[in-house]
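Subject: Structure handover

Hello,

Here is the structure we talked about. Please look it over, then read the notes below.

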Amino acid sequence: MKTEFAPSLLSADFSQLKEELKSVKDSDYLHFDVMDGVYVPNITFGPALIKALRPHSDLPFDTHLMITKPERYIEEFAEAGSDILTVHLEATEHVHRAIQMIKDLGIKAGCSLNPATPLEGLKYLLPDLDQVLIMSVNPGFGGQKYIPQITEKIKSLAKIIKENNYDCKIEVDGGIKTHNLKKIVDAGADIIVAGSAIFGQKDPAAALAEMRRIAEN
Ligand code: DX5
Ligand code: ZN
């Protein structure tokens, strides 16, 4: 399967997001990192920003909710125009309920795991998930270093999905650059999130094209 890319707007210039969106119009998704200052030590934006940008892109909006008790806001983020909503396994006591809520709204559901969280917690969720978002840095900030042992975690998850024939993609998020991309794709990543490696570059369109070239070779 062709590797897909989800540039994260976290590293984009927030004063000109409309233009930044256009620079990655050849990507497969747009990744929105929502942070509440409680679940993670940083605050970004909420559904109003997603709603404001929705008319300016045809790409699917992939919204990563790094917020505590995400079920409180699922409906708002779906209404704002998210095509995929991902919640953290660690952020609620009722993660299956949160996933069910997302699916009942007719959009795709993802579950994310922090680097220290083992895959075991996904066991009874996988049949209902459209994607698993494996964090390869501790969530909260762009521009961090990829945690090397996550490659093994991706491989183990890919094996579980394959053996059970689940219809679930693996998205990997954090510290992905041209130098480690191939290894992550070979481990089993279907969707690559990249913030600083794309929007931190002078020419984001060229940076995305270069990452695609590397993933496909
Ligand atoms: C981190 C976010 C990531 C982040 C990735 O909490 O979930 O999406 O923006 O940024 P880079 O690619 O710079 O590590
Ligand atoms: Zn993210």
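Start with ligand 1. Of the 21 residues around ligand 1, the nearest are L10, P139, G142, G195 and S196. A residue is near a molecule if its C-beta atom, placed from the backbone, lies within 6 Å of it. Three elements each supply at least two residues of this shell: β2 (30–35), β8 (191–194) and α7 (196–199). Helices (H or I, at least four residues) and strands (E, at least two) are DSSP runs, numbered from the N terminus. By class, the shell has seven nonpolar, twelve polar and two charged residues. Here Ala, Val, Leu, Ile, Met, Phe, Trp, Tyr, Cys and Pro count as nonpolar, Asp, Glu, Lys and Arg as charged, and the others, Gly among them, as polar.

Two housekeeping points. This is a predicted model: local features need pLDDT of at least 70, side-chain atom pairs count only at pLDDT 80 or more, and totals for chains, interfaces and linings use all residues. Residues are numbered from 1 along each chain as its sequence is written, while chains are lettered from A and ligands numbered from 1 in the order in which they are written.

Next, the annotated sites. An unreviewed UniProt entry lists D33 and D173 under "active site". UniProt positions are given in the numbering used here, feature names are shortened, and annotations may be inferred rather than shown by experiment.

D33 lies in strand β2. D33 counts as buried because 24 C-beta neighbours lie inside 10 Å. The cut-offs: buried means 20 or more other C-beta atoms within 10 Å of a residue's own, exposed means 12 or fewer, and partly exposed is in between, with C-beta atoms placed from the backbone. Leaving aside neighbours within four places in sequence, D33 is in contact with S8, L10, T44, H64 and M66. Contact means that the two C-beta atoms, placed from the backbone, lie within 7 Å.

D173 is in strand β7 (residues 169–173). D173 is also buried, with 26 C-beta neighbours inside 10 Å.

F141 lies in the loop between β6 (131–135) and α5 (150–164). F141 is partly exposed, with 17 other C-beta atoms within 10 Å. S196 lies in helix α7. With 18 C-beta neighbours inside 10 Å, S196 counts as partly exposed. Not counting residues up to four places away in sequence, S196 touches S11, G142 and G143.

The largest nonpolar core has 62 residues. Such a core is a set of buried Ala, Val, Leu, Ile, Met, Phe, Trp, Tyr and Cys residues joined through C-beta atoms within 7 Å. L85, V132, I134, V172 and I192 have the most contacts inside it. Leaving aside neighbours within four places in sequence, I192 is in contact with residues including F5, V172, I184 and A215. In soluble globular proteins, nonpolar side chains tend to be buried together.

T86 sits in strand β4 (residues 84–88). T86 is buried, with 28 other C-beta atoms within 10 Å. Not counting residues up to four places away in sequence, T86 touches residues including H64, C111, Q131 and L133.

Look at helix α4 (residues 95–104) too. V95, A98, I99 and I102 are buried there. They cover an arc of only 100° around the axis, which puts them on the same side of α4. The arc is that of the directions from the helix axis to the C-beta atoms. The face turned away from the buried side carries the exposed residues H96, R97 and D104. Cover for the buried residues of α4 includes α3 (74–79), β4 and β5 (108–113). Just after α4, G106 takes a positive phi of about 80°.

Last, two backbone points in residues other than glycine. K69 has a positive phi near 45°. K69 lies in the loop between β3 (61–66) and α3. N165 has a positive phi near 60°. N165 lies in the loop between α5 and β7. With 7 C-beta neighbours inside 10 Å, N165 counts as exposed.

Best wishes
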